[in-house]
Amino acid sequence: MTTSIFYDRFERHAHGEGLKGHSTHYCPGCGHGLAHKFLAEAIDELGIQDRTVAISPVGCSVFLYYYMDVGNSQAAHGRAPAVAIGHKTANPDAIVVSYQGDGDLASIGLAEIVSTAQLGIPISVIFINNAIYGMTGGQMAPTTLMGQKSATSPTGRNPLMGEPLRMAELVAGLTGPVYVERVALYDAKQRTRAKKAIRKALECQVEKRGFSFVEVLSECPTHLGMNPQEAERWVAEEMTKVFPLGLLKDTPEARFPELPRPSFAVEPLLAAIAATGELPERFATGFPKHLAPHDVALKLAGAGGDGAQTAAMLITRAAIHEGFDSTHIPSYGPESRGGTSYADVHVAEREVLSPAAANPHILVAFNAPSLAKFGPAVLPGGTVIYDSSVIREVPPIAAGVQVHGVPLTQIAADLGRVVVKNVVALGALCAATGLLPRESLLAAIRLALKDKCAMIPLNEEAFAWGEKSVQTH
Amino acid sequence: MTQTQAAKRPKPFVFPEFCKGCGRCIEVCPKECISFATEIHPQTGLIPIVLDLEACNGCGLCITACPEPYGLRPETPGADFELQDPEAMFGPRPTAAPEPVARPDRTVALPELAPMVIKGNYAAAIGALLAGCRHVYGYPITPSTEGAELMAKVLPQLDGVFLQAVSEVAAVNLMYGCGGAGLRAMTFTSSPGFSLMTEGLSYMIGAELPGVFVNLMRGGPGLGNIAPEQADIKQVCRGLGHGNTHAIVLAPATPQEMLDLTLLAFDLSIQYRNPVIVLGDGYLGQMTGRVTLPTRMVEPGMPEWAVAGDGEHRRNLICSIYLSDRDLEEHNRHLLAKYAEMTSREQRADLFYAGDAETLIVACNTPAQMAKGAVQELRQRGVRVGLFRPVTLWPFPIQKLLPLLPKVERIVVVEASPGQLEDELRLALSKASVYRPPLIESVRHYGGVLPSQSEIVAQVLAAQEVAS
């Protein structure tokens with residue numbers, strides 16, 4: 001019944017001077033000291049002192065780290081479960097205890113406790129419910145009883161303030177936790193049960209069973225305006241009516257999957273990010289200066305699903321593989337999941353500076369709104385390729401701009417797969433502009449399809465039809 | 001229970017100065033051995049209990065009932081507890097835990113690799129992986145989400161952890177826990193999400209924890225839109241939660257820098273035990289470009305201060321509480337000294353035709369690329385214009401700017417924000433005692449519109465006309 005889990009001297013308690021070196025900061029009769037003791041004894045009995053990380057919350061138990069000779073981490077108000085999971089995922093061998101009061105856990109930290117409990121990662125939560133805010137001076141807690149007077153329910157908690165929140169029941173109702181129990185401290189029998197429950201909560205973690213939660217009904221004589229004995233009776237007689245004691249959930253057969261331990265080997269990392277030492281083949285003999293001296297701007301625009309972004313990405317990849325610089329900015333957000341979809345692409349001899357393409361040299365328009373919107377912005381001497389299968393009217397386009405209507409959708413449909421219309425467009429773009437050699441774009445297409453090799457001949461065919469449609473235009 | 005066994009069980013004793021007189025022991029004692037003293041204890045101001053152990057059978061219920069760690073205890077067999085004093089009994093040292101020693105990082109050479117063609121978000125994620133980060137906590141938010149998506153795909157292959165948090169508030173606190181355990185944690189977010197993380201950032205800075213935040217700014221205020229903006233500059237440079245907070249802010253301008261600066265961010269974060277912000281605009285997350293991988297990666301060690309959940313680090317504490325005002329003032333002085341060190345050592349800027357510039361454009365992120373294009377265009381016309389691109393927004397690289405100023409007649413600040421970059425510039429000039437700076441003009445856009453190259457060119461030319 002003595003334990004070495006408490007520091008020999010509480011040096012963090014006012015530098016351990018005087019009585020504070022061996023006394024807690026708790027008021028006479030407060031339940032926290034007992035819960036601390038039972039936690040310390042359980043850590044001792046299970047031999048896990050070195051592995052234990054205790055998360056101190058905000059509230060009266062904010063200074064848990066004054067006392068427990070374990071790894072200590074102090075959390076922001078309500079966030080202890082998140083901090084606990086940070087520690088647990090950092091070191092799966094750590095035994096992490098989130099020790100929280102009712103304001104911390106049941107009010108400001110509701111999102112964290114509910115999501116962490118449902119996550120089910122093995123940590124142990126000790127929840128001290130004393131039906132009041134202690135540290136701030138006796139305000140109403142989510143667990144304050146109906147009719148109970150507090151600094152913020154001066155005439156007693158009434159229905160306008162909502163009813164007390166039963167956390168153990170709420171947590172036990174989730175599928176994540178493996179063990180949930182509510183205990184109390186008001187007599188010798190309850191204290192024995194409380195101690196066992198706290199120990200069991202830690203065992204659930206040592207045995208990697210999962211998330212455990214012990215709600216401890218506790219006395220706050222100071223803010224109840226009672227002496228310690230009256231407070232014990234109040235918990236026994238009043239609190240237990242609203243917060244019945246007992247086991248709410250226990251699934252002894254549960255086992256949480258093993259948490260990973262990071263690898264820092266080079267090869268798996270390079271494989272995971274698809275980095276390769278193989279330099280791509282080059283086909284270009286120089287920068288396409290016939291289009292622009294140093295930097296060609298392109299816009300590819302259509303409806304979501306037209307493949308404008310994929311085609312843009314293929315151009316960017318092919319250009320970079322040729323040793324040029326290139327950028328691709330997609331329109332992103334809701335419209336990229338349907339609706340309109342625009343891609344701005346630059347291919348630069350050395351470096352892309354302005355990556356947007358408000359006035360492109362080349363426009364590929366897959367639908368009428370795109371052509372209407374961007375057609376007039378194409379620079380003189382530029383090129384427009386549009387899908388003549390779906391666009392009937394061509395808006396006024398600057399003189400000196402080459403305009404190619406190509407039945408992209410029709411060609412793709414004739415090939416049996418409408419989705420390859422963007423590759424038809426790439427073929428047309430290649431033949432009409434000479435931006436990049438055909439081999440260069442085809443290599444990028446083949447690379448993109450390396451996991452779907454069966455699709456390569458169809459795409460090659462689509463590309464060739466695109467080229468042909470412009471040449472015969 | 002036999003009489004002999006009962007006699008062997010230790011009886012309780014108590015130092016009255018450690019008794020708060022709650023009386024839990026009194027009511028639990030079956031033999032009525034315990035009562036309240038008749039006088040207030042002079043040291044505590046409380047009425048302790050007194051023991052009359054004639055009838056005590058050593059049942060121990062009183063000891064279990066005592067809430068104080070050093071309250072009622074079993075008496076040591078054979079000891080005369082009247083003569084014992086707390087120091088002697090409980091030991092002079094606060095803990096027997098060892099003094100931890102730092103385990104240094106190891107750098108591992110990478111083979112020569114082909115340039116990658118990837119989005120900025122992916123580039124930042126790869127930078128983090130190469131920096132030894134295997135713990136990513138995040139909440140999806142456009143335009144940063146692909147970073148989390150790549151990590152969710154890649155980390156399981158590297159036995160790392162990607163955890164989708166319940167909110168950005170939880171995400172930053174997961175980072176607090178993981179960073180507190182001495183590991184490299186990061187998140188991807190965008191403006192509204194970053195706002196939610198500032199509470200946790202203040203705690204991380206207070207507790208001196210590392211962690212990297214990639215914030216790809218979008219249009220605001222409020223929900224705004226998802227287009228690129230730069231209006232979080234004020235928040236990251238001046239408003240990282242409550243209290244005396246600062247963090248190094250790195251501002252990439254290309255997908256390549258998304259990788260390079262994320263990698264650097266981890267180094268700086270560990271070095272200074274402080275969060276680091278990689279601040280991009282929405283375009284930088286979404287833009288695909290050429291990214292060359294570095295020649296080395298990091299296998300992280302373990303800092304001595306971590307709460308790693310093992311015996312070696314048991315004595316450590318992660319905490320931002322300093323209850324005494326003197327202690328907290330001292331802690332703030334320590335933080336200020338650290339900020340001063342960052343300010344003197346970590347200023348970074350990229351200069352483009354800045355050496356002889358009479359008009360100096362100041363811009364960062366994607367607008368700096370637009371500005372670079374403008375400088376190139378204007379130089380071809382013979383205009384003496386250059387670009388000063390702060391790579392660190394905090395600390396503002398004033399040391400790199402001061403040598404240029406004698407030739408500079410005008411500064412044009414180009415930004416997608418209502419003057420937040422200009423404010424940083426003006427504050428830095430003022431702190432550097434530049435009381436008569438060059439005329440400062442601006443090209444600004446808001447709400448997701450970026451300044452264009454042609455606008456910048458026009459502004460610089462207009463300034464030239466006025467000057468001539």
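These questions and answers concern domains, a surface patch and salt bridges in a predicted model.

Reader: How far apart are the centres of domain 1 and domain 2 of chain B?
Author: Chain B is divided into domain 1 (3–90), domain 2 (109–345) and domain 3 (349–467). Taken over C-alpha atoms, the centres of domain 1 and domain 2 of chain B are separated by 52 Å.

Reader: Is B:Ile47 buried, partly exposed or exposed?
Author: B:Ile47 sits in the loop between strand 2 (34–36) and strand 3 (49–51) of chain B. With B:Phe36 and B:Ile40, B:Ile47 makes a nonpolar surface patch of about 270 Å². Because its relative accessibility is 38%, B:Ile47 counts as partly exposed.

Reader: How many residues apart in sequence are the parts that A:Asp306 and A:Lys421 tie together?
Author: A:Asp306 and A:Lys421 form a salt bridge, with the closest N and O atoms 2.8 Å apart. A:Asp306 lies in the loop between strand 8 (295–303) and helix 11 (308–321) of chain A, and A:Lys421 in helix 14 (residues 421–433), so the parts tied together are separated in sequence by 115 residues.

Reader: Are B:Glu208 and B:Lys338 buried or exposed?
Author: A salt bridge joins the side chains of B:Glu208 and B:Lys338 at 2.7 Å, N to O. This pair links distant parts of chain B, 130 residues apart. Both B:Glu208 and B:Lys338 are buried.

Reader: Which residue forms a salt bridge with B:Arg379?
Author: B:Arg379 is in helix 13 (residues 365–380) of chain B, and its partner is in the loop between strand 16 (349–352) and strand 17 (359–362). The two side chains meet at 2.8 Å, N to O, and the partner is B:Asp356.

How values were computed: Residues numbered from 1 in each chain as written. Chains lettered and ligands numbered in written order. Predicted model: local features only at pLDDT ≥ 70, side-chain atom pairs only at ≥ 80, totals over all residues. Heavy atoms only, no water. Domains from an automatic or database assignment. Patch = residues over 30% accessible without salt bridge, like charges linked within 9 Å, V, L, I, M, F, W, Y side chains within 5 Å. Areas by Shrake-Rupley, 256 points an atom, 1.4 Å probe, with all protein chains shown as cover. Salt bridge = Lys/Arg side-chain N within 4 Å of Asp/Glu carboxyl O. Helix = DSSP H or I, 4+ residues; strand = E, 2+ residues; numbered from the N terminus. Buried < 20%, exposed > 50% of the residue type's maximum accessible area, 1.4 Å probe, protein only.
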